[in-house]
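Dear colleague,

Please find below the structure that I am handing over to you. My findings are set out after it.

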Amino acid sequence: MTKFRDERGLATTRRGALTLIGASALLAGGLATRSAIAATSDDDEVLTEAKVLRDPDVPVAGNLDGDISIVEWSDYNCPYCRKLEPELRQVIQDDGKVRLVMKDWPILGPVSVTAARIALAAKFQDKYHQAHDAMIGVSSRLTEPRINEILAAAGVDMDRLKRDLTGRAKDIDAILKRNNDQAEAFGFRGTPSFIVGKFRVPGVLTMAEFEQVIADARKAKASKSN
């Protein structure tokens, strides 16, 4: 039977994984129930559908009008995120009807925080995706000098970037806080972690597994609308 494995190596069967993420059923249009998230008074506010799927400040790729959303929480220094990136993008391209919501969640140290802040600062010059692709495509652990080097090579205006890192600091930090609050409320323990449709997927999937979960999400959406 197909198994899922998260970053800490905790394996579950596919059936077990879908039972777990299936517990994240809708709550008044939101994405999670109390049983799936931390029991705090702010959970309902943190995990609304609008904030998880439709945060206007969070970058989106794929089909912006797609019928299914994949929300990914990732860290630029996470080797699993790097390995998965091309396969996930291929699934999205092949499907053609998936929108990818890209939540920067820097949990692997200060350089990860720097990388996430820089990527979000690049958004203000419409270069988030160039910055993201450049950093996630590096095969070795990032350092600040290396980040500056690869972003300049990717066509990011570094002078503008520095200004936006300072001038937009509160906006950037607010995005990262929202991303972190959501990840913690969903109970994610490492990167990458995903929401696929209404399903919570805490770990790395193969292309075939992503395709299956997307299909399951579509079935769940269709059955809810009937």
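This is a predicted model: local features need pLDDT of at least 70, side-chain atom pairs count only at pLDDT 80 or more; totals for chains, interfaces and linings use all residues.

Residues are numbered from 1 along each chain as its sequence is written, and side-chain values use heavy atoms, with hydrogens and water left out.

Helix H5

Helix H5 covers residues 110-122; helices here are DSSP runs of H or I with at least four residues, strands are runs of E with at least two, and both are numbered from the N terminus.

Ser112, Ala115 and Ala116 are among the buried residues of H5, as is the run from Arg117 through Ile118, Ala119, Leu120 and Ala121 to Ala122 (buried means under 20% relative accessible area, exposed over 50%, partly exposed in between, with a 1.4 Å probe and protein chains only). The cover over these buried residues includes strand S5 (98-104) and helices H6 (128-136), H7 (144-153), H8 (158-167) and H9 (169-186).

H5 packs against H8 at about 105°, with the axes 9 Å apart (axes are lines fitted to C-alpha atoms, for helices over the stretch in contact, and angles run from 0 to 180 degrees between N-to-C directions). H5 is therefore roughly perpendicular to H8 (65 to 115 degrees; under 35 is roughly parallel, over 145 roughly antiparallel and the rest oblique). On the H5 side, Arg117, Ile118, Ala121 and Ala122 meet Leu161, Asp164 and Leu165 of H8 (contact means heavy atoms within 4.5 Å).

Aromatic residues

The whole structure contains 4 aromatic pairs (ring centres of Phe, Tyr or Trp, the last by its six-membered ring, within 6.5 Å; planes under 30 degrees apart are stacked, over 60 edge-to-face, the rest tilted). One of them is the tilted pair of Trp73 and Phe188, at 5.1 Å centre to centre and 55° between the planes. Trp73 lies in strand S4 (residues 68-74) and Phe188 in the loop between H9 and strand S6 (193-196), so this pair ties together parts 115 residues apart in sequence. Trp73 is buried at 0% relative accessibility, and Phe188 is buried at 6%. Trp73, Phe186 and Phe188 form one aromatic cluster.

Phe186 is also among the buried residues of H9. Just after H9, Gly187 takes a positive phi of about 85°.

Yours sincerely

How values were computed:
The expected span of a helix is 1.5 Å times one less than its number of residues.
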